[in-house]
Amino acid sequence: MKVSGFTFIRNAVKNDYPIVEAITSILPLCDEFIVALGDSEDETENLITFIGSPKIKIIHTVWDTSVRSGGKVFADETDKAFDAISPDSDWAFYIQGDECVHEKYLPLIKKEMKDNLADSKVEGLLFKYLHFYGSYDYYGHSRRWYRREIRIVRNNKAIRSYRDAQGFRWADNRKINVKLIDAYIYHYGWVKPPSGLTNKLRNFNRFYHDDEWMEQNLPETFKFDYSHKNPDRLVHFSGTHPAVMQKRLAAHNWSLDIDLKELDKKISFRRKVLQKVEDLTGWRVSEYRNYKIVK
């Protein structure tokens, strides 16, 4: 069994993405790792190079910054990395620049890839998610946060990144048949101080909206506070973070400035009822699923 990791990244230093942690968290499972390195204005390439692994192969890309609708450029860059994977690889393991896998899940993930290698009806593996918000101590757990997504797919180039690169579909738009596995992706995209999230929103949304929208919603004077993205409900995290993230945790020097009780009061009655159903049964009513669970 041959496994290829892949990701895309641009301006990781400028935007404070834990790209090194993301790559190294799954590198032990990979025989090669493709990084689609966009035309950065900082030292992102040095970050990747200093990992020092012969498994890593960098392909240089140029982002089409004129594409400012629906985050399509993220999917385009994902496809560039995927297309560069060696043709003899069996599985392709995707990780985004603000995601990590805890080392405790690596044996299980490897076993799932081996066990399902010969099962042609399984076209990908579906992961569970923890979306950390504001600090490393809390994660968002509500209908506002997607709770599952595909991160391992067959190495078939008819598979394409979907919409803004959250998941994948076949080129004919068919959903991918997947097995849900008992492993989590730790998502750290919202773990930044307010100043960092100000930059994130302004830089990120340029790939979704035009200048007029940006000026109306995220002007130069915009300052983020944690109420700007309503997480609905935050849950205290009592587990451990991946070993590769420990240096970042040690440098954590801000606090989450948000009233959890007030946050709970803002949730509508309907959303509270739906959340209660999910908490009691595990069923998320009318959940959007960009995949088909077959095993």
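A residue counts as buried when its relative accessible area is under 20%, and as exposed when that area is over 50%. The model is predicted.

**Exercise 1. Strand S11 and its partners**

Task: Find how many residues of S11 are buried, and which residue of S11 is the bridge partner of Tyr 129.

Solution. 
Step 1. Take the pairing with S6. S6 and S11 run parallel and are joined by eight bridges. Tyr 129 has Ile 185 of S11 as its bridge partner.
Step 2. Take the pairing with S5, residues 99-100. Here the sense is antiparallel, over two bridges. Glu 99 is partnered by His 187 of S11.
Step 3. Take S13, residues 292-293. S11 and S13 run parallel, with two bridges between them. Lys 292 in S13 stands opposite Asn 177.

**Exercise 2. The two sides of helix H4**

Task: Helix H4 covers residues 106-115; state which of its residues are buried and which are exposed.

Solution. 
Step 1. List the buried residues: Leu 106, Ile 109, Glu 112 and Met 113.
Step 2. Look down the axis of H4. The buried residues fall within an arc of 125°, so they line one face of the helix.
Step 3. Recall the geometry of helices. An α-helix has 3.6 residues a turn, so residues three or four places apart point the same way.
Step 4. Turn to the other side of H4, where Pro 107, Lys 111 and Lys 114 are exposed.
Step 5. Identify what the buried residues of H4 pack against. The elements are S1, H1 (19-26), S4 (91-94), S6 (124-133), S8 (148-154) and S11.

**Exercise 3. The largest pocket**

Task: Describe the largest pocket by its space, its lining and the elements that supply at least two residues each.

Solution. 
Step 1. Begin with the volume: the largest pocket holds about 1200 Å³ of space.
Step 2. Count the lining. There are 44 residues, and those closest to the centre of the pocket are Tyr 17, Phe 74, Lys 200, Phe 204 and Tyr 208.
Step 3. S1 (3-9), S11 (177-190) and H5 (194-205) each supply at least two. The largest share comes from H5, with seven residues.

Terms used. Residues are numbered from 1 along each chain as its sequence is written. This is a predicted model: local features need pLDDT of at least 70, side-chain atom pairs count only at pLDDT 80 or more; totals for chains, interfaces and linings use all residues. Side-chain values use heavy atoms; hydrogens and water are left out. On a 1 Å grid over the protein atoms alone, a cavity is a set of points where a 1.4 Å probe fits but cannot get out, and a pocket is an open set with protein on both sides within 12 Å along at least five of seven lines; lining residues have an atom within 4 Å of a point. Grid points are joined across faces, edges and corners, and a volume is the space filled by probe spheres set on the points. Helices (H or I, at least four residues) and strands (E, at least two) are DSSP runs, numbered from the N terminus. Ala, Val, Leu, Ile, Met, Phe, Trp, Tyr, Cys and Pro count as nonpolar, Asp, Glu, Lys and Arg as charged, and the others, Gly among them, as polar. Buried means under 20% relative accessible area, exposed over 50%, partly exposed in between (1.4 Å probe, protein chains only). The arc is that of the directions from the helix axis to the C-beta atoms. Contact means heavy atoms within 4.5 Å. Two strands pair if DSSP finds at least two bridges between them.
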